[in-house]
Amino acid sequence: MVGDVLLDRDITGTADRLSPEAPVPVVADTHSTDRPGGAGLAALLAVREPDWHVTLVCGLGQDGPGARAGALLEEAGVDVINLATSGTTPVKTRVRAADRTLLRFDTPTAPLPLGPLTGQVRARLAEAAAVLVCDYGRGITSHEELRQALTNAAGGRPLVWDPHPKGAVPVPGTALAVPNADEALLLTAETGPRDLAGDAARAARLRSAWPVTQVAVTRGSLGAVLVADPEAHPQVVPARPAVGDTCGAGDQLAVTAALMLGARQLPSHALTRAVDAATAYVRAGGPASLTTPPTTRPLGPLELAERVRARGGRVVGAGGVFDLLHAGHLSLLEQARRLGDALIVCINADTSVSRLKGDDRPVVDEQERAALLEALDCVDGVLIFGEDTPEEILAQLRPDIWVKGGDYAGRRIPEADLVDSWGGTVVTVPYLDGNSTTARIDRLTQRAGAR
C-alpha cells in the first residue's frame, strides 16, 4: 500500500442538554480514541484480512501525531516504511454523541518533504500480489521515483488507485481507479447531474483521460458504477441498505477491491465484493468495528440477532413455508421489516412441509427458498427448522416482535404464549388478499391438465 497517513481522533460523549450560551449541544463524559487515518486506516483494514501481509509506504510527519499513528499501525501488524524526512501529521478530530458526529475540526495540512526511494520499497512493490494507492492529496503520489516504481509494479500485478482531487493522476497500467462521486465531479470539473447517468458519464470521461484499464465511481449507499470501455454500457453494482458510521467505508471498498484483484478475481466480481464489504463495514459500526476481532465469514442469523439486541435494536421474526414466493409474501416481509432493526425469517424444512401439506410439496426446495428470501433487501437472515411448528427455533431467536399475516387476525396464534414468555410481542400485518401458494399451484395443475 502507498499513501498519506493522518491521525483520526474521536471524542465521544453524551449530549442531553443545550448550552445556555448558544443553541449548541453540551458534550459531557467524554473519552478520546485515536486510530490511523487516510492510508493508515486502509492499511489497518487490510491487515485484518487473514493470510495477507501488508506493507505501507507512506509520508508520516515527524511529530507526536505521526509517532502515534505509526505506533498504532505497527502494533496492528503493518510494516511501515516512512519516506517523510520532516513535517507534521494532520489530525482529524470528530466530536460524537449518540452515534452521530456533531462537529469535526482538522489541523492544517501541507505537503511533506519526502526522501529518495529506498531499495526496500522497490523490493516490496516487486514482490506484492496487489498494490493499493490511497491518495489524500499530501504529495506522495507526485514523488517521481515512487511513480516509476509503481508503473513498473503495475506491469506484473493489479494496482488499484484511490485518487484525490489534489493528488496526481494514476500511473500507466493501473487496473482500477475508484474515485467517489464527489471526487469524480472535481476531477472532471463538471457540474452535471448527481445521478447514475452523471456518475457513469464521469467514470467514462476519467477512463478516457487516465492510463487505467477501468474506472469505478463509488456512490456511497447506492453502490458503484464501473466503466471499462467508454463506448460500452456501464456496469452498475447496487448496494444493500446500511445505516451507520460511514467513515472509512471508501477505504474498505478500495482495500477489498485490491485484495480480490490480487486473488485473481474479475474486476466486476472484485467490485461487487468490495461494495458488499463496505456495506458490512458500515453496518458493523464503521471505525468502531476496528476494536472487535475481524470476522472471516458473514454473521449467522442468530449471531446477527444478538448483535442487534446488544446495540439496543429490535429483532423482528416472521415464519412460514414461503413456497413459490409471491406478492403476498413480499407485502408481509416488507411490513415486518419496518417494525424493527433486523428481520429474521424462519422457514419450514422440506420434510416439515411434506408432512404438513402433502408429498407433492414443497415445489421449491428449502435451500432455494432460503436463497430467494435472503436476496430480498427487507430480509436480514433466514433460519430453517425441521419441526412442524417453529417453537424450538423461536426459543433460540427470541424475537422482540413475531409477525404473522392478516389471515391470522381474530384467532390466537399457537406460538404466542412462548413469545410472551420473554416479553416479545405477536402482531399481524394487513393481508394482501388473493395470494395463496396452494391456490396458485392448483391453477397451474389445472392448466397443465387442460393441455
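**View 1. G405 lies in strand β16, which covers residues 401-405.** Strands (E, at least two residues) and helices (H or I, at least four) are DSSP runs numbered from the N terminus. The model is predicted: local features need pLDDT of at least 70, side-chain atom pairs count only at pLDDT 80 or more, and totals for chains, interfaces and linings use all residues. Residues are numbered from 1 along each chain as its sequence is written, and side-chain values use heavy atoms, leaving out hydrogens and water.

**View 2. The surroundings of G405.** With a relative accessible area of 12%, G405 is buried (under 20%; exposed is over 50%, partly exposed in between, with a 1.4 Å probe and protein chains only). Leaving aside residues up to four places away in sequence, G405 touches L332, T428 and V429; contact means heavy atoms within 4.5 Å. The C-alpha atoms of G405 and Y431 are 5.5 Å apart, although the two residues are 26 apart in sequence.

**View 3. Helix α7 runs over residues 249-262.** Its 14 residues should span 20 Å at 1.5 Å a residue, and the end C-alpha atoms are 20 Å apart, which agrees. The expected span is 1.5 Å times one less than the number of residues. Helix α7 is largely enclosed by the rest of the structure, because 13 of its 14 residues are buried. R264, which follows α7, has a positive phi, near 70°.

View 4. Of its 451 residues, 46% count as buried. The C-alpha atoms fill a box of roughly 80 × 65 × 45 Å, taken along the principal axes.
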